[in-house]
Each structure stands twice: as structure tokens, then as C-alpha cells.
Amino acid sequence: METQLDPMKDDLPLMANTSYMLVKHYILDLDVDFESKIIEGIIVLFFETGSRYRKTSSTGKEGCQSQFDGTGAGRAPEPCHIPVTNVNACSSETGYNDSAVCGKGEEDISDKNGNHSNGDQASGISSSKECDDIENHGNKDFLLVLDCCDLSVLKVEEVDVAAVSGIEKFTRSAKLTGVSRELENLRNQIVHELVTLPADRWKEQLYYFTRCSQAPGCGELLFTTGTWSLEIRKSGIQTPTDFPHAIRIWYKTKPEGRSVTWTTDQSGRPCVYTMGSPINNRALFPCQEPPIALSTWQASVRTAAGFVVLMSGENSAEPVQIREGILSWYYYVTMPMPASTFTIAVGCWQEVKQQSFTAAIQTNTEFSLPSSQADFRWLEEICGHVEYPCRFQNPAARLQAVIPYRVFAPWCLMERCEEHLLQLIPRCLSAAYTTLGTHPFSRLDVLIVPSNFSSLGMASPHIIFLSQSVLPGGSHLCGTRLCHEIAHAWFGLAIGARDWTEEWISEGFATFLEDTFWARAQQQLSHDEVKGQQELKASLRWRRLRDEVQNSEEELQVLRPKKENTGELSESGASVVKHGLKAEKIFMQVHYLKGYFLLRSLARTIGEASYLASLRKFVHRFHGQLVLSQDFLSMLLEDIPEQKKSGLTVQSIFQNWLDTSGIPKPLLEEGETWKECELVRRVSGEVTKWIQKNQRIRKSGKKKRKKDEAVFQKLLPDQLVLLLDSLLEEKTLCPTILQCLEKTYQLREQDAEVIH
């Protein structure tokens, strides 16, 4: 076990030893129980030998490490229902051995080989005396480490994938014999062949993953649970190459687990959902959290009839009744993603529909990209990611401006969703497509989550969570937030940060693109109107950044806190996310704002058209991959060599923008150019009127006041925010002014940002 990580109390440890074994596919088979507030079931993990152990195994055969050809070719996935059998309800037909867990809450206390007793699992520690001193070197057993927290692990076993009927096609030259070690190697070879199937065989791959997940066990594995990890070993196995590459884990969550929140929706009905916890999904299922562990998954989730299960899956699941009062929902993904992007929401959600939609905003609408063909000369290039059914290589997907979408909400909010949200989604999706091209994901669900959600929105593959706060007050806040979350499909999901401390790669890009998308979604705005709106937004963000820098710890203001060590891992692959658990970091916007101003500065320097063309090229080159800051900056500067001559280099950007706290020097030198914007100047004039009115009222005291002749202009929502923000800087505002503000601008009817 690697204890040298020594994370500070505010750092988030990523314990999984991904350099030795890398998970490629998960199959989850879960029951959601609202009475006990527990999610219980089984997860099966399929592994490949990690990059640091591409050595020969004890038998002299090559370790199973896939070398993908990276073609990315293949058809876009179609809906495919492969339900996973409820292996909790085991019978003789499932082929499980006698020690399998049957039903909820039952304990398997067999200990025939002296290896493990589930009866000891209150402490989460195997009963085996051999577990006292297990390490990854010398003659000791190899230790598989998974990220795990707030889970009760009941049992771990190896899966006998060789017992699956028809699996012989994956054995190649290997032969099935009775020799134990050869049989173990055969199982691992089958898993290797399965996880490396070409993209055009994705349906067959999911089918055999499902069949293998239902195969009988072939021996329990020793395990120990710690604060942040689940450690698994097999007696006598000393290398990752020889360690079982398919394992099954029985577990249950805890009501206090930090990956999901159990609550009630706005209609008072119970629900549970992943709310973007700082510890990600390790309290939902044992997994490998480091972003490098890109994996696909399938999930079957059972819950009481009346509940709807939404997940970050490629298919729009339809429920299947498995017994009276219980429905099962099945989802899958074929694009490898980090485990942290797995999202689930179970509640009494209602689908919001509107019958009066015109064909113009239906899905599959085709739009022309407003860019020269030269911008897309890289479209025909081979993708740089591992092989999967990639939409960027699918001609039909490349023409799909609006992907299929659905909206879900508690019943009491359905009317509000229909009023604005439903009409905004196709416009925002089309604007995003016009800006960046192919949508990385094949469909989108939008869910209005419970009121305890601490953010305005959160994006995951195929699903966006929105706060109820975006619904009132017109379409502005709802539209801009929707654009922000849609932007994450490209930046944050299809392209992820290789080091989680570089949050700006996700949030800075989404904040910048939010403005671009929204300008196009509003339609028929003049160039000057677009520029005015964006300068107004820059003014607001400048004030927020200035206030945050003045009122936060300096070390939390650095966008690349690990500097030259960014992206580095320990030998095992374990690492820490610096300040990942720091409470105040959750509410900070510095990564959004400094990242936005960096990208804005680059766009102004290069020219918006050239800059957006570079963004499209970056998306095509790096989708499906993990990146560091220098990957984007180097590509951008390579395309525009004249900028290097002016002193703009990757290192200068690191020094001025990413590696230092405070306001970036170039931003200070640029000055507040947005003050010259007409929309901002208009607000300044209104602020002056209100300050003068406040002074007159205070001077007159209780005397009879003359009728105030001041006439106040109508303001946009962002202008109102700037106005109120500016007035807050005054030392005193009399109550009469506050009443007049409310009456003049009808503040209670405005959106959440104005009200705040």
C-alpha cells in the first residue's frame, strides 16, 4: 500500500493503482430502496494490465495491454437493450456457487479455505491473517487498489468468464485445460480480447460483457476496506498480469454516503441523485477515480414503480417490469469516460412535452456551419483516441445540429419548464453545433433537480442537471446557463483534463463559449448588439474576479497549482487532487473567471474568427482524450506563429495567467475596456441618477418632498445586476430607495441573479 502520498487534510486522494491495472468496463446491477436510503447490488469490473506492467507474466506470455489503432471508425450506437439479470436473486440456473449472496441483507459466512469471512465485514477487514502485511513488491501478493468510501463491501470474487457459452471465439490459440494457472491465463485472455473488440462490434461486446457478468464465481478474493480505498488480492498472485481481470463485488451504499443525496423534490416526493460531490462516485460504487481510467459501462437499476431512473447513458431507457411493483431500467455507454462522469437521478420525474413544436426545431435539423471548408480539412483525419463508435467519424452525426432531447421535472414545475426551457434547448444545441461542429453525445436529457442542489447547473454525458432557480424571470438566465452546460459536452466531457487541478480547461472554456452560444441562440442580433452583451458580461465577471481575489486564499487562486508537476502520477498511478476537499473551494469561481479572461484575451489577440477555427480544430484533434493546458496552448500558437514573435508563448501564458495568484498582469494592463461599452455606460448613468435621488431623499429628511423628476431607463437582466452591484458600493441607501428600486424594475419578477 502506498502511504507516501501523504495528502493534506484538504486534498482528495486518488488511491487506485491504475498504472498496474486499468478498468475498461463496469457492469452495475443495483436496487434503489427509498425506505432504507440504500443502493445495494453488484458491480463487475473488467481490467487490462496497466501501462507500467507491460511485461511478461509468470508463464512467459505477453501481458494483456491493448494497443488501439485509434481509427475511431464505426457506426453511431443505436438503442440496444441488453438487460442484466438480477444476480441477487440467485438460483441454480445462474451457475453461482453456494456462497453467493442471495437476497438483501444476507451474509455469507462460509470460510472453507480460511480466506475470508463476510461476517467480519462490519469493520470492512478480511478475516484472513495473511492480510496483515501486503505490499506490491518482493514475494508478496499483488494488491489491486480501488477508490472506495462510505461503502459496505460484502464480498469480492473472481468471475469465471471461461464458463460462458460461446466464449471460445475469444480464446484464439489458447486451449482450455485443467491446469489452474493456464485456466487463469485463459480467463484474462478472454477479457483482453473482449475489451479490445473493434468499434463496429460494440453490440456484440456489450452482449458478452453482460454474459460474462452473469458467469459463476471461481473463488473469493481477499479484501480490506480503508477510509479511501478497497484493497483486493488473490493469494499466490504476485503480478498484475496474473491477477484476475474480471472481478465481482457485492456491496451496499450508506445513507450518509457523500456521492449521492437522498432528499425530496419540489412536489414532496422522495428522490436520490448524484449532486457533483467533491469525492465523486466512490461512495456510489468501487471504481478507479483517476481521469486516466477511461471506461465504458452498463447499468441495470431496479426501483419501485412510479419512479423514473435517469442516467448518463447513450440510450433512452424504457422500464421493464420484473415483478409486481418493481421496474428495471437499463443504460449503457460505448464512449470511454472517467468514472466521475457517471450520473444517476431516481425520482418521480415527469417528462415535459409540448405538442406545438414546429418541424424547424425538431431533432436531426441540418444547418450549415458558418466557416470555410478549410476550417474542417481535419475532419477526415483519423481520430486520436482509443477506438469506440465515434460520432465525429459518422457522416449522419456530423450533420445533426439538434440531437434528440427530453426534459424532466417534478410535476409542480412542468408548466414553467414548458414556458421557456423546452423552446430554448433546440436553439442552444443548434448554436453550439454552429460554433463547434459535431455533438460528441447522441442525445440529451435535462432534469430540474431538487432545491437542495447547490449550483445552477451540472453537465454529465447525455444529461444536464439544472437548478429550479433558472426557470423564473424570463429566458436570459435559463438560456445562458443551458449554453454553459451544453459547452461542457465538448470541454470537460469529450475533452477532459488529465489533471483535475486544471479545472479551468473545463470551466474557463464553458464560460467563454456560453457567451458565443447564447449570442447565436438569440438569433438576429447585430454585431454591435452581440459585442455589447459580451462586454457587459465581461464587466460583471471582472467585478466578481476582483472581489474573489480580494477575499480568498492566494493558493486557491492559482489555475495550475502543481505547476511543472501538473499531470504527474506516482509509480502506481495514485495521486492527490490538491485542495480537492477544501470547503470554500466549492463556492469559488476563480477557475471560471480567470480561465474565461485568458481565452477572451487570446481571442482578442488572434481575432475571433481565427480563434473559433482553432477551437474547432482542437475539438477534432483531442476529442475522446485527456489534455493538459499546454496541449491547447501549443496547438493554438503553432497555428499562429506570428504571435510567438510578439512574446506570446506557452511559458509566458503559464507565468502570467495560470501559475500565479491574483489578477493576471495582462488583464490589469488591458484595463477595463468594457467600461466604454454602450450598455455599461448606460448603467453608469442610471447609477448616478439613483445616487443623486438617494442624496436628495436623505437631505430632505421628513420634510415634504417635491415630486422626483428622474426618469429611469429599462435595463436588461445583466444591466440590472451591474446596477445593483454598483449601488451596493454606496455606504448607505435609504429604505425609500430600496422600495423605489423594487417598484421601478419589478425586482421580484426578475431572474435569480438579479434577485440575489
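This report describes cavities, salt bridges and selected residues of a predicted model.

## Basis of the model

The model is predicted, with local features needing pLDDT of at least 70 and side-chain atom pairs counting only at pLDDT 80 or more, while totals for chains, interfaces and linings use all residues. Residues are numbered from 1 along each chain as its sequence is written, and side-chain values use heavy atoms, with hydrogens and water left out.

## Cavities

Rolling a probe the size of a water molecule over the atoms shows where empty space is left. A cavity here is a set of points, on a 1 Å grid over the protein atoms alone, where a 1.4 Å probe fits but cannot get out; its lining residues have an atom within 4 Å of a point. Grid points are joined across faces, edges and corners, and a volume is the space filled by probe spheres set on the points. Six cavities of 30 Å³ or more are present in the structure.

The largest cavity holds about 130 Å³ of space. It is lined by 16 residues, and those closest to its centre are Phe-441, Leu-444, Ile-464, Ile-486 and Ala-489. At least two lining residues come from each of strand E20 (457-460), strand E21 (463-466) and helix H5 (476-487); helices (H or I, at least four residues) and strands (E, at least two) are DSSP runs, numbered from the N terminus. The lining comprises 11 nonpolar, three polar and two charged residues. In this division, Ala, Val, Leu, Ile, Met, Phe, Trp, Tyr, Cys and Pro count as nonpolar, Asp, Glu, Lys and Arg as charged, and the others, Gly among them, as polar.

The second largest cavity has a volume of about 120 Å³. Among its 13 lining residues, Glu-314, Met-335, Pro-389, Arg-391 and Pro-440 are the closest to its centre. Eight residues of this lining are nonpolar, three are polar and two are charged.

## Salt bridges

The whole structure contains 36 salt bridges, a salt bridge being a side-chain nitrogen of Lys or Arg within 4 Å of a carboxyl oxygen of Asp or Glu. Glu-485 and Arg-481 form one of them, with their closest N and O atoms 2.8 Å apart. Both residues lie in helix H5, four residues apart, about one turn of the helix. Glu-485 is buried at a relative accessible area of 3%, and Arg-481 is buried at 16%; buried means under 20% relative accessible area, exposed over 50%, and partly exposed in between (1.4 Å probe, protein chains only).

In helix H14 (residues 678-700), Glu-686 and Lys-689 are three residues apart, about one turn of the helix. The closest N and O atoms of their salt bridge are 2.9 Å apart. Glu-686 is buried, with 1% relative accessibility, whereas Lys-689 is partly exposed at 25%. Elsewhere, salt bridges that share partners join Glu-158, Asp-160, Glu-184, Arg-187 and Lys-234 into one network.

Arg-546 and Glu-729 also meet in a salt bridge, at 3.5 Å from N to O. This pair links distant parts of the chain, 183 residues apart: Arg-546 lies in helix H7 (residues 527-550), and Glu-729 in the loop between helix H15 (717-727) and helix H16 (735-745). Arg-546 is partly exposed, with 24% relative accessibility.

Gln-288 belongs to the loop between strand E11 (270-274) and strand E12 (295-304). Gln-288 is buried, its relative accessible area being 0%. Its side chain reaches the backbone nitrogen of Val-23 at 2.8 Å. Beyond its neighbours within four places in sequence, Gln-288 has contacts that include Thr-18, Tyr-26, Phe-47, Asp-147 and Ala-339, where contact means heavy atoms within 4.5 Å.

Tyr-273, in strand E11, is buried at 1% relative accessibility. The side chains of Tyr-273 and Asn-452 are joined by a polar contact of 2.8 Å. A polar contact is a pair of N or O atoms within 3.5 Å; within protein, one must be able to donate a hydrogen and the other to accept it, and residues adjacent in sequence count only if both atoms are side-chain atoms.

## Positive phi values

Asn-280 is not a glycine, yet has a positive phi of about 60°. Asn-280 lies in the loop between E11 and E12 and is buried at 17% relative accessible area. His-462, in the loop between E20 and E21, has a positive phi near 70°. His-462 is buried, with 4% relative accessibility.

Note on methods
1 Å grid on protein atoms, 1.4 Å probe; cavity = no way out; pocket = protein on both sides within 12 Å on 5 of 7 lines; lining within 4 Å.
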